[in-house]
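Subject: The structure you asked about

Hi,

Here is the structure I promised to send over. Please have a look at it first, and then read on for my notes.

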Amino acid sequence: MSIENKHLIVFGGGISSEVFLFYFLQKLKKHPLTSPLKITQIFDDITFPSCSLNSTAFVCPRGIKKGLSPLGDHLYEAFNEVDLFIKENSPAGVNIGTITHHPGKDEVSINKFLRRYGQQIKTTENCFYFTPTIFINWIRKQNEELKQFCDFKKKHSEVKIIKHDKLITINDEILLFDNLLICAGAYATIQENRYPEIDALKFGQVVSGSFFSFNQDLGETSFGHTFDEGYCIYRPDLKKLIIGSTSIKIKNKETEDFSLHPLHELYHRIKEEMARVGLNYLSSILIDDGEIQKGYRHKYSKNRPYWGITSPHNNIFTIRGLYKNGYGLSFLAAKELTTTLLKNLNSSVRAITF
Ligand SMILES: Cc1cc2nc3c(=O)[nH]c(=O)nc-3n(C[C@H](O)[C@H](O)[C@H](O)COP(=O)(O)OP(=O)(O)OC[C@H]3O[C@@H](n4cnc5c(N)ncnc54)[C@H](O)[C@@H]3O)c2cc1C
């Protein structure tokens, strides 16, 4: 049994933890340390496949304006933050394109569309299309640079339990932490019994999602179309056409699995909608040729995300409730949390000179 002391543990390997570490690295570059921080990132993407690698991962404004709702404000700021991040870092695995939103056929859906976009006919916006495998690889490579600025270790291991100031892995390694950031996505709620003292992780719903991905060469430019119930997007770097995605509330967290039926139904509805607006990409496709990807999203009431401390633990932080917007919101969460966490670390190790 090994015991290690850590100033900070980042638990997770999805978009929220990787983007956090990237922003943290930028802060460390600006504020050099006077003594080294011991930081470990821990996750096991084989046993617990991240939602982030099974995501359609596009980010667009969807007609949001500032000042109408707290979620709208977050999404608005998140879109601007992603824009800035892309301009400053030119990451691999992000394509900039446009997306076209189409109103549905019936009056209810046309009125909903009118409220959101201020018009009754199709509308086009800018959109950032992430290709998860490429982007996550890119950002993980960037985050390796942390080793130059602190004592950064990466552990591929299952987290068995977190109690008091201890994280214990499946191999009974003990990591004692001053600060912990939990970015375990929906799994934190699915496995709430592993974190008996952190009540905050019990809350929220688990919503599964799945989509089809078809091999299709439709050129070198990314594009997307959204409809009432779903969307199609094109990833030129992988030459994949994506049709999705389902949203199914998981009632029994331990046992419920993904059923294919809703995804097949959704596929046929989207195919119909696409044909209605003159998009015939699916006419020569066989549904059986589609690869199915699936993930678990985490959702709080009113779809509002949360990042910050898990009260009453003022040294345990979390990023949660990213639901359908994890690729945008992670950038805003990272921007806001890095400052708070650096202040906490500073008071525990007095290692940072501001
Ligand atoms: C079908 C689908 C489509 C989506 N489309 C979009 C979209 O178009 N745009 C958008 O912005 N968002 C979209 N989302 C949502 C987005 O993908 C998520 O909000 C986001 O990926 C959540 O990231 P995360 O880092 O919080 O969690 P995750 O990516 O799930 O990461 C959790 C991490 O914790 C690790 N972990 C958990 N428990 C343990 C344990 N006990 N031990 C070790 N490791 C553990 C996992 O291995 C993983 O690395 C979609 C989601 C789905 C399912």
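Is helix 1 mostly covered or mostly open, and how many of its 16 residues are buried? Helix 1 is mostly covered, with twelve of the 16 buried. Please keep in mind as you read that this is a predicted model.

**Helix 1**

The buried residues of helix 1 are Ile15, Ser16, Ser17, Glu18, Val19, Phe20, Leu21, Phe22, Tyr23, Phe24, Leu25 and Leu28. Its length also works out: at 1.5 Å a residue, the 16 residues should span 22 Å, and the end C-alpha atoms are 23 Å apart, which agrees.

Leucine 21 counts as buried because it has 27 C-beta neighbours inside 10 Å, where 20 or more are needed. If you leave aside neighbours within four places in sequence, leucine 21 is in contact with Val10, Gln41, Asn143 and Leu146. Aspartate 83 sits 62 residues from leucine 21 along the chain, and their C-alpha atoms are separated by 18 Å.

**The nonpolar core**

The largest nonpolar core contains 88 residues. Ile9, Phe11, Phe20, Phe58, Leu180 and Leu181 have the most contacts inside it. For phenylalanine 58, not counting residues up to four places away in sequence, the residues touched are Ile99, Cys127, Phe128, Tyr129, Phe130, Gly224 and Ile233.

**Around the ligand**

The ligand is surrounded by 40 residues, and the closest are Gly14, Ser55, Gly185, Gly209 and Gly326. Two or more residues of this shell come from each of helix 1 (15–30), strand 3 (58–59), strand 10 (205–215), strand 15 (291–299) and helix 7 (326–349). Sorted by class, the shell has 15 nonpolar, 20 polar and five charged residues.

Helix 2 has 20 residues and reaches 28 Å from first C-alpha to last, close to the 28 Å expected at 1.5 Å a residue. Its buried residues are His74, Leu75, Ala78, Phe79, Glu81, Val82 and Phe85. Just after helix 2, serine 90 takes a positive phi of about 35 degrees.

The loop between strand 3 and helix 2 (70–89) holds arginine 62, and lysine 66 is found in that loop too.

Lysine 66 is in contact with Asp73 and Tyr76, leaving aside its neighbours within four places in sequence. Lysine 66 and glutamate 77 are eleven residues apart in sequence, and their C-alpha atoms are 8.5 Å apart in space.

**Strands 9, 16 and 17**

Strand 17 (residues 313–320) pairs with two strands that you can follow in the viewer. Strand 9 (residues 174–182) runs parallel to strand 17 and is joined to it by three bridges. Here the bridge partner of isoleucine 182 is threonine 318. Strand 16 (residues 306–310) runs antiparallel to strand 17, with five bridges between them. Threonine 310 stands opposite histidine 313 in strand 17. Strand 16 and strand 17 form a hairpin with two residues between them.

**Backbone geometry to look at**

Most residues other than glycine have a negative phi, and most peptide bonds are trans. With that in mind, here are some spots to look up.

- Serine 311 and proline 312 are joined by a cis peptide bond, with omega about 5 degrees; proline 312 is in the loop between strand 16 and strand 17.
- Glycine 244 and serine 245 are also joined by a cis peptide bond, with omega about -15 degrees; serine 245 has its place in the loop between strand 13 (240–244) and strand 14 (248–249).
- Arginine 62 has a positive phi near 50 degrees.
- Lysine 239 has a positive phi near 50 degrees and lies in the loop between strand 12 (231–235) and strand 13. Lysine 239 is partly exposed because 14 other C-beta atoms lie within 10 Å.

Happy to go through any of this with you.

Best wishes

Definitions and conventions: Residues numbered from 1 in each chain as written. Predicted model: local features only at pLDDT ≥ 70, side-chain atom pairs only at ≥ 80, totals over all residues. Core = buried A, V, L, I, M, F, W, Y, C linked by C-beta atoms within 7 Å. Contact = placed C-beta atoms within 7 Å. Near = placed C-beta within 6 Å. Helix = DSSP H or I, 4+ residues; strand = E, 2+ residues; numbered from the N terminus. Nonpolar A, V, L, I, M, F, W, Y, C, P; charged D, E, K, R; others polar. Expected span 1.5 Å × (residues − 1). Pairing = 2+ DSSP bridges.
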